[in-house]
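Reader: I have a chain open on my screen and would like to talk it through with you. Could you take it piece by piece?

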Amino acid sequence: MSTRSPQTSRKPPDRVWQRMLSGRRLDLLDPSPVDIEVDDIAHGLARVARWNGQTLGDHAFSVAQHSVIVEEICGRLDPRLPAADRLMALHHDAAEYVIGDMISPFKTVLGDSYKDVENRLTEAIHVRFGLPARLPAKLKKLIKRADHICAWHEATQLAGFAAPEANRFFGKPPEDIVLTLEPQPPTQAQASFVARHETLLHEKERVA
């Protein structure tokens, strides 16, 4: 009689990595900073639509375009903001190049599992570019304010919200920050994101 254990079929492990156009493989459960490239981030974000694509215009209003505007608003709210902080503002939604832009109600439904993945990706992105892994509380608050200002203008100009409704969700924006939004083609949004990243990264390293 054979003493060997019968062979059992094993299910192949589920794939938890994303192949990027750069050739990198980014592990979603344990993302490594060495597998993160700004060109991959910009390419992905330029093709992720804000508002689930429910916006006016010939193109979706992308997370890449939104990110560049939020960083600009942060600089207007605090003109003395260091380049490193502005770089973190630019990348405040960078994890979405992998996991997409989930609307807030759906994030609530998913709960902590979504947030855990998002936080791990954000920390890896920060480390890749020589930034603190986690946002300082003061900067996080500033970015949130800038994000709401941008969202108010997106809502009223592109997503069909009346101003009173947008005020309830995002707060009334400062009168001295006026935006005129027009969705950019993906290639333009991608190029703008990379250019701003490179400028801020150079400024950060110059003063380091």
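Reader: In what order do the elements run from the N terminus on?
Author: From the N terminus on, the order is β-β-α-α-α-α-α-α-α-α-α, which gives nine helices and two strands in the protein chain. Helices (H or I, at least four residues) and strands (E, at least two) are DSSP runs, numbered from the N terminus. This is a predicted model, in which local features need pLDDT of at least 70 and side-chain atom pairs count only at pLDDT 80 or more, while totals for chains, interfaces and linings use all residues. Residues are numbered from 1 along each chain as its sequence is written, and side-chain values use heavy atoms, with hydrogens and water left out.

Reader: And what share of the residues is buried?
Author: Of the 208 residues in the protein chain, 43% are buried, where buried means under 20% relative accessible area, exposed over 50% and partly exposed in between (1.4 Å probe, protein chains only). The C-alpha atoms fill a box of roughly 85 × 45 × 35 Å, taken along the principal axes.

Reader: Which residues have the most contacts inside the largest nonpolar core?
Author: Those are I36, I41, I73, C74, Y97, F129 and F193, in a core of 49 residues. A nonpolar core here is a set of buried Ala, Val, Leu, Ile, Met, Phe, Trp, Tyr and Cys residues joined through side-chain atoms within 4.5 Å. The elements that give two or more residues to this core include helix 1 (38-45), helix 6 (112-128) and helix 9 (186-207), and the largest share, seven residues, comes from helix 2. Apart from this core lies another, of five residues, among them W152, A155, A159 and A166.

Reader: What is Y97 in contact with?
Author: Leaving aside neighbours within four places in sequence, Y97 is in contact with M20, L26, I36, D40, I41, G44, L45 and I125, contact meaning heavy atoms within 4.5 Å.

Reader: Switching topic, how many residues does helix 6 have?
Author: Helix 6 has 17 residues and reaches 24 Å from its first C-alpha to its last, close to the 24 Å expected at 1.5 Å a residue; that expected span is 1.5 Å times one less than the number of residues. The buried residues in helix 6 include Y114, V117, L121 and I125, along with E118 and H126. Just after helix 6, G130 takes a positive phi of about 70°.

Reader: What does K204 touch?
Author: K204, whose place is in helix 9, touches A83, A84, L87, F129, G130 and L131, not counting residues up to four places away in sequence.

Reader: One last thing, where does W51 lie?
Author: W51 lies in the loop between helix 1 and helix 2, and has a positive phi of about 60° although it is not a glycine. N52 has its place in the loop between helix 1 and helix 2, with a positive phi of about 55°, although N52 is not a glycine.
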